[in-house]
Amino acid sequence: MLKASVWRWISGVVLGALAGSGVAGELTGEVQWAQRIELGTPQSGIVVEVPVAAGELVKKGQLLVQLESRGLQARVRRAEAELAKARMEREEGQRELERAQELYERTLLSNHDLEQAKIAFAAVNSRYQAANATQVEARLELEQSSVKAPFDGVVLQRNVEVGQTVVSALQSVPLITLAATHLMRVNVEATQPQLERLKVKQKVEVIASDKRFRGAINFIGLEPLAGSGEPRYPVYVEFATEGSTLRVGTGAKVITP
């Protein structure tokens with residue numbers, strides 16, 4: 001029979017070989033949303049359309065909520081008319097300045113008159129710039145009267161109904177809660193020895209609901225979780241769902257190299 005010291009030596013050799021052989025590690029956690037946002041608008045008004053319901057899948061750019069916008073549309077048309085007028089005045093002012101400059105170079109116009117022409121052009125140019133800014137603001141307010149999906153996802157909550165008055169004077173009111181469906185996350189905890197095998201952007205494999213997905217580590221915590229006994233650090237793994245439907249809270253395994 002081999003002595004205990006020999007067994008310890010053999011065990012050390014075997015464990016050392018396994019540690020350096022790239023044997024895969026396994027971490028367990030739960031599936032979470034990678035992107036979850038509450039959508040609202042800085043505009044106030046009456047809701048005239050909410051074409052989506054909770055649980056509905058939506059595409060990027062799809063309308064989620066529409067406020068009454070006729071007043072905003074009228075403001076845009078008025079701003080565009082003022083901008084067109086200011087543009088014509090600016091162009092005429094530019095021509096007048098060029099004529100004054102030409103006469104001045106031919107010594108047919110005094111320095112005082114040239115300066116007056118420059119001041120006149122500066123005034124019409126200032127009115128044009130102000131009209132342009134007003135038009136941009138009007139268009140932005142009209143655009144903000146509708147809430148659209150910023151990415152493909154699923155509606156988690158619908159907090160607004162047709163006919164409801166939205167008041168966003170002090171802060172934006174959450175109207176729709178949306179989560180991305182193409183990308184999800186697994187939150188796991190790792191010990192210090194396990195962290196030595198991990199790094200951000202490292203490719204891993206995720207197993208959830210008996211399906212396998214390709215993922216990558218996108219966050220490794222620098223501070224241990226509170227009350228975890230042996231120090232354990234949060235690690236986030238994002239993975240593409242590849243068309244599969246997963247529920248938040250589903251158990252998952254992360255297989256690391």
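Buried means under 20% relative accessible area, exposed over 50%, and partly exposed in between, with a 1.4 Å probe and protein chains only. By this definition, helix 3 buries Leu-114, Ala-117, Phe-121, Val-124, Tyr-128, Ala-131, Gln-135 and Ala-138. The model is predicted: local features need pLDDT of at least 70, side-chain atom pairs count only at pLDDT 80 or more, and totals for chains, interfaces and linings use all residues. Residues are numbered from 1 along each chain as its sequence is written, and side-chain values use heavy atoms, with hydrogens and water left out.

Helices (H or I, at least four residues) and strands (E, at least two) are DSSP runs, numbered from the N terminus. Helix 3 spans residues 111-143 and has 33 residues. From its first C-alpha to its last, helix 3 reaches 48 Å, close to the 48 Å expected at 1.5 Å a residue. The expected span is 1.5 Å times one less than the number of residues in the helix. Helix 2 has 36 residues. Its reach is 53 Å from first C-alpha to last, close to the expected 52 Å. In helix 2, the buried residues are Leu-72, Val-76, Ala-79, Leu-83, Ala-86, Gly-93, Leu-97 and Ala-100. These buried residues pack against helix 3. In turn, the buried residues of helix 3 pack against helix 2 (70-105).

Thr-107 lies in the loop between helix 2 and helix 3. Its phi is near 60°, a positive value in a residue other than glycine. Most residues other than glycine have a negative phi. Thr-107 is exposed, because its relative accessible area is 69%. Glu-242 also has a positive phi, near 55°. Glu-242 sits in the loop between strand 13 and strand 14. It counts as partly exposed because its relative accessibility is 48%.

A nonpolar core is a set of buried Ala, Val, Leu, Ile, Met, Phe, Trp, Tyr and Cys residues joined through side-chain atoms within 4.5 Å. The largest such core has 21 residues. Val-186, Leu-198, Val-206, Val-235, Val-237, Phe-239 and Val-254 touch the most other members. Strand 1 (25-33), strand 10 (183-191), strand 11 (203-208), strand 12 (211-220), strand 13 (232-240) and strand 14 (251-256) each give two or more residues to this core. Apart from it lies another core, of 18 residues, including Val-50, Ala-149, Val-160 and Ala-180. Contact means heavy atoms within 4.5 Å. Not counting residues up to four places away in sequence, Val-186 touches Gly-29, Glu-30, Val-31, Val-206, Val-235, Tyr-236, Val-237, Phe-239, Ala-252 and Val-254.

The largest pocket has a volume of about 330 Å³. Its lining has 17 residues, with Leu-57, Val-154, Thr-181, Ser-244 and Thr-245 nearest the centre. Strand 4 (57-58) and strand 7 (153-158) are the elements that give two or more residues to this lining. On a 1 Å grid over the protein atoms alone, a pocket is an open set of points where a 1.4 Å probe fits, with protein on both sides within 12 Å along at least five of seven lines; lining residues have an atom within 4 Å of a point. Grid points are joined across faces, edges and corners, and a volume is the space filled by probe spheres set on the points.

Gln-157 belongs to strand 7. Gln-157 counts as partly exposed because its relative accessibility is 36%. Leaving aside neighbours within four places in sequence, Gln-157 is in contact with Arg-36, Leu-175, Ile-176 and Thr-177.
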